Amino acid sequence: MVLVRTGRGSGGFWEFALGAPHPRLRPGVLSYRGVRLAMDRPRRRLETPVGAATLLLGFEQPVRITRAGRAPETLVSVFCGPTTTPAVGEHGGRLSGIEVMLTPWAAFTLFGTPQYELADRVVDPDALPHALDRRVGELAAALAALPSWEERFRLLDDVFARWWDAGTPCSARVVRAWSELVRTGGAMPVRRLAEEVGWSVRHLENRFREQIGLGPKAAARVLRLQRARRLLAAGRGQAETAAACGFYDQAHLSGEFKAMTGCTPREFTTARRLPFAAAPPGDRMDGEATSLILASGASGATGASGATGASGATGTPRTSGTRGASDASGRSADFSKTDGTA
């Protein structure tokens, strides 16, 4: 079953398709999300850190990704490892492809690369070693040639099953430790986590950096932020959210939020509530508040992390849209079960 959400208005057409990977691929492969945009103007999106790695299989049009401290990258297909800082992605208004969300340890298995080498980076997936029987770009082209999202996701199930079997085995203890961190929303102390899996703190840190990309403390920060975004988006207050997520106080929450997203909790939640003018943010993870749409030509978001948009200027993110229930023309968007015809 594939869920497809579409909208059409004066700003153009958008379509998002959400599919669940085959059970044999879980929990390593988290989700498939098809994207098709045909907008009348460039689109810019602020992406915040999530507890996952992202593989974008682009069908044709490139995306330009800017992150503080790194040169912008313009790629059609993209692998993004674990991050602790925000990034801005932009394209000319037309974009199509599939975003595959992976647990960090699954990305280690598929690409066989120490994940600390990929932290806070975006790279062409074909520049990484892998056991795939074709280039990632060739896989993207094969997906683009299929007539429906349902068939594309079915092909991905088959490819990932073979790729996984031929990949680099990850440590069962790393998987267990990561699962405990996710289960507790980053609240489990590192020493206790090490005891749970029978390792020293130093050994846990080394294996986490290799197979997760971040040390356990940094990974816990990202997972706490992710939970905080989820609670704030659900309407919880900042003080209540800070207490629930293990922050010292509201000021600690605000500081961590700005360091990792480029904006304050209030700025982020307010922007998420604005009616979108072109298309919804298209969050990478189902049910998660991970993205903001930035006004075309705006300066982007910056904060303690120094994340910048294309112009490099600082300032509060100006959004042209967020999650909402109507498309650019004000008509209701359709979210339905479908056979996935693109």
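**Exercise 1. How many nonpolar, polar and charged residues are in the lining of the largest pocket?**

Solution. The model is predicted.
- Step 1: Take the volume. The largest pocket holds about 440 Å³ of space.
- Step 2: Find the elements. Two or more lining residues come from each of β2 (12-19), β3 (29-39), α4 and α7 (216-233).
- Step 3: Sort by class. Twelve lining residues are nonpolar, seven are polar and three are charged.

**Exercise 2. Place Ala-177 in the fold, and decide: is Ala-177 buried or exposed?**

Solution. 
- Step 1: Locate the residue. Ala-177 sits in helix α4, which covers residues 172-183.
- Step 2: Apply the cut-off. Buried means under 20% relative accessible area. Ala-177 has 0% relative accessibility, so Ala-177 counts as buried.
- Step 3: List the contacts. Setting aside neighbours within four places in sequence, Ala-177 touches Leu-193, Val-197, Leu-204 and Phe-208.
- Step 4: Check one partner. Phe-208 is 31 residues from Ala-177 along the chain, and their C-alpha atoms are 8.9 Å apart.

**Exercise 3. How many disulfides does the structure hold?**

Solution. 
- Step 1: Recall the test. A disulfide needs a pair of cysteine sulfur atoms within 2.5 Å.
- Step 2: Give the count. The structure has zero disulfides.
- Step 3: Look at two cysteines. Cys-245 counts as buried because its relative accessibility is 2%. Cys-263 is buried too, with a relative accessible area of 0%.

Note on methods
Residues are numbered from 1 along each chain as its sequence is written. This is a predicted model: local features need pLDDT of at least 70, side-chain atom pairs count only at pLDDT 80 or more; totals for chains, interfaces and linings use all residues. Side-chain values use heavy atoms; hydrogens and water are left out. Helices (H or I, at least four residues) and strands (E, at least two) are DSSP runs, numbered from the N terminus. Buried means under 20% relative accessible area, exposed over 50%, partly exposed in between (1.4 Å probe, protein chains only). Contact means heavy atoms within 4.5 Å. On a 1 Å grid over the protein atoms alone, a cavity is a set of points where a 1.4 Å probe fits but cannot get out, and a pocket is an open set with protein on both sides within 12 Å along at least five of seven lines; lining residues have an atom within 4 Å of a point. Grid points are joined across faces, edges and corners, and a volume is the space filled by probe spheres set on the points. Ala, Val, Leu, Ile, Met, Phe, Trp, Tyr, Cys and Pro count as nonpolar, Asp, Glu, Lys and Arg as charged, and the others, Gly among them, as polar.
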